Amino acid sequence: MKVAIMLYNGITALDAIGPYEVFAGVKGNEVKFVAKDKGLIKLDSKMGYLHADFSFSEVTSADILVVPGCCPPNYKSLMNDEDTLNWIRKIHKTTKWTTSVCTGSLILSAAGLLKGLKATSHWSSLDLLQSLGAIPTDERVVRQGKIVTAAGVSSGIDMALQLVAWESGEEMSKSIQLLMEYDPMPPFDTGSLKKAPASMVEQLRAMLQKLENKEPEL
């Protein structure tokens, strides 16, 4: 299958690289990193880069589109960039699966693809997702027709494994999971709102809100 992973300055690396590792494990898949302009793409950490080998003008169709997320307030620029939104709409017309990871669902919403649909995002962005017309849920992976949204960062791996299972069978997906040794055993049990202490949640909400109020640096 032809997989297009959209890149942009300020992206969260694992949102893109997690699905890449899964899709690249399927023989015959062609995975492309695509951006408005090809070249180096600065990460949200400002400590490294990904590389877009293709520009929007060079990729006009895909079987799978992946729209990764980013930290606030970087997604604001993408949500108001008509070149980006028009490319997403154009590719969506050709896809078998249109997907997002983390706050990538905000970008899909800005493109008008999630109106009235159940969708997920990073837990801190669910209210914003709702304001854009989607029906927010805290599920880890959500399918609505051919649109699949994944929650925060690491859930992109889960989403990609699920897509491989749908397309190539569970055995293929299980084999890729084993090759990746994707068997999470985190040292702490604070990976969701339901498990984290309320004080930690509030502290992080306050920090993210401060970031949200800043101007994008893209």
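The legends below describe close-up views of a predicted model. Local features are given only where pLDDT is at least 70 and side-chain atom pairs only at pLDDT 80 or more, whereas totals for chains, interfaces and linings use all residues. Residues are numbered from 1 along each chain as its sequence is written, and side-chain values use heavy atoms, with hydrogens and water left out.

**View 1. The annotated span, residues 1–164.** An unreviewed UniProt entry carries the annotation "domain: DJ-1/PfpI" for residues 1–164; positions are given in the numbering used here, feature names are shortened, and such annotations may be inferred rather than shown by experiment. Within this span 30% is helix and 26% is strand, where helices (H or I, at least four residues) and strands (E, at least two) are DSSP runs numbered from the N terminus. The end C-alpha atoms of the span lie 10 Å apart.

**View 2. Asp-15 in helix α1 (residues 13–23).** Asp-15 is buried, that is, under 20% relative accessible area with a 1.4 Å probe and protein chains only, exposed being over 50% and partly exposed in between. Asp-15 has no salt bridge, a term that requires a side-chain nitrogen of Lys or Arg within 4 Å of a carboxyl oxygen of Asp or Glu. The nearest side chain of opposite charge is that of Arg-140, 10.0 Å away. A polar atom of the Asp-15 side chain does, however, lie 2.8 Å from the backbone nitrogen of Gly-69. Leaving aside neighbours within four places in sequence, Asp-15 is in contact (heavy atoms within 4.5 Å) with Pro-68, Gly-69, Cys-70, Val-101, Cys-102 and Val-153.

**View 3. Helix α3 (residues 82–92) and its buried residues.** Thr-84, Leu-85, Trp-87, Ile-88, Ile-91 and His-92 are the buried residues of α3. They lie on the same side of α3, because they cover an arc of only 160° around the axis, the arc being that of the directions from the helix axis to the C-beta atoms. At the start of α3, a side-chain oxygen of Asp-81 comes to within 3.0 Å of the backbone nitrogen of Asp-83.

**View 4. Ser-173 and Ile-176 in helix α7.** Helix α7 comprises residues 170–180. Ser-173 is buried, with a relative accessible area of 8%, and Ile-176 is also buried, at 3%. Residues up to four places away in sequence not being counted, Ser-173 touches Leu-161, Val-164 and Ala-165, while Ile-176 is in contact with Val-22, Gly-25, Val-26, Leu-161 and Val-164. The C-alpha atoms of Ile-176 and Glu-21 are separated by 8.9 Å, although these residues are 155 residues apart along the chain.

Technical notes: Polar contact = N/O pair within 3.5 Å; in protein donor to acceptor, adjacent residues only side chain to side chain. Lys, Arg positive; Asp, Glu negative; His and termini not counted.
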